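Subject: Structure handover

Hi,

Here is the structure we discussed. Please open it alongside this note; what I found follows below.

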Amino acid sequence: MNYFDTFLWVAFPWLAIAAFFIGIFWRWRSDQFGWTSHSTQIYESTLLRISSPMFHWGMVFVIIGHLMGLAIPKSWTRAVGISDVAYHWIATIPGTIAGVAVIIGLVGLIYRRVVNKSVFLATSTSDKIMYVMLGLAILTGFFATVSLQLFGGAHGYDYRETISPWLRQLLIFNAQPEIMAAAPWQFQAHTIAGFALIAVWPFTRLVHAFSAPVGYTTRPYVVYRSRDIRTQPMRRHVAWEPVRSSNRSSSPAEKDEAPWSGA
Ligand code: HEM
């Protein structure tokens with residue numbers, strides 16, 4: 001095992017993981033107001049409405065695929081009666097469809113950023129670096145899947161015998177870089193691109209992935225009510241005070257009362 005392989009398959013992934021966790025902690029402590037997707041929906045929404053759900057829903061399935069393929073040992077899926085060939089196609093067919101959705105969505109998002117002037121002007125250097133690194137991780141992953149899994153015969157390349165145990169052993173401090181050093185170059189390139197993206201994640205708009213508005217689905221309704229007395233007679237007996245407005249008074253009496261009305 002040479003030093004370069006040890007760097008690539010032991011030091012680099014750990015440096016990326018450290019950068020991720022330290023970076024997330026630092027960003028949260030120093031920049032909570034900047035912790036946002038920096039939405040540009042206000043500038044352009046037609047392309048966004050198509051591309052964004054395609055990209056994000058595709059990514060949800062890609063992430064589920066990664067968790068299944070990398071975290072769950074082969075012996076477990078065999079134990080519940082899923083043959084290796086069945087697993088291969090269960091992973092490859094939906095995975096390829098999800099990958100296509102992610103790529104079409106990403107192309108739409110980037111196209112929109114380039115052609116819409118306001119969205120382009122709202123694109124920072126960090127966004128540009130992020131898009132390049134995200135694109136590399138996605139394209140190398142998709143290329144590995146298509147070239148080795150989809151068109152790689154009935155079994156494809158069995159990454160559950162190599163990449164998955166390599167990652168699990170790495171994470172429990174029992175690094176075995178020789179496994180990754182022998183993996184196909186497509187998966188080597190993808191793993192490096194993946195960890196590089198993980199390393200820059202906290203310093204980009206990708207932090208918004210940890211602030212998905214899940215609470216939105218269960219929060220109480222926000223009730224908006226009219227300020228205009230003419231649309232609804234004011235009920236004097238309620239416990240709260242009526243809302244007053246600076247530019248439109250509810251009643252002549254209120255107008256006189258309003259200290260800011262200049263009357
Ligand atoms: C955050 C960074 C990453 C992104 C954005 C990413 C994205 C992708 C994409 C788009 C695919 C194509 C699969 C599909 O078409 O559904 C893929 C496949 C794959 N990725 Fe990643 N990946 C990342 C990190 C990693 C890492 C760090 C590893 C290894 C430790 C890894 C291992 C794999 C494997 C084994 C496949 C093939 C899955 C299959 O074909 O069933 N990925 N990845």
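A residue counts as buried if 20 or more other C-beta atoms lie within 10 Å of its own, as exposed if 12 or fewer do, and as partly exposed in between. Keep in mind that this is a predicted model.

Annotated positions

The unreviewed UniProt entry lists H56, H190 and H208 under "binding site". These annotations may be inferred rather than shown by experiment.

Take H56 first. Helix α2 (residues 46–71) holds H56. H56 has 15 other C-beta atoms within 10 Å, so H56 is partly exposed.

Now H208. This residue sits in the loop between α9 (185–200) and α10 (252–257). H208 has 14 C-beta neighbours inside 10 Å and therefore also counts as partly exposed. Setting aside neighbours within four places in sequence, H208 contacts T36 and S37.

Nonpolar cores

Some background: in soluble globular proteins, nonpolar side chains tend to be buried together.

The largest nonpolar core here has 13 residues. V102, L106, L134, A137, I138 and L197 have the most contacts inside that core. Two or more of its residues come from each of α4 (84–115) and α6 (125–150).

What does V102 touch, not counting residues up to four places away in sequence? The list is F55, G58, M59, V62 and I138.

There is also a second, separate core of eight residues. Among them are A144, Y159, W166 and F187.

Best regards

Definitions and conventions
Residues numbered from 1 in each chain as written. Predicted model: local features only at pLDDT ≥ 70, side-chain atom pairs only at ≥ 80, totals over all residues. Core = buried A, V, L, I, M, F, W, Y, C linked by C-beta atoms within 7 Å. Helix = DSSP H or I, 4+ residues; strand = E, 2+ residues; numbered from the N terminus. Contact = placed C-beta atoms within 7 Å.
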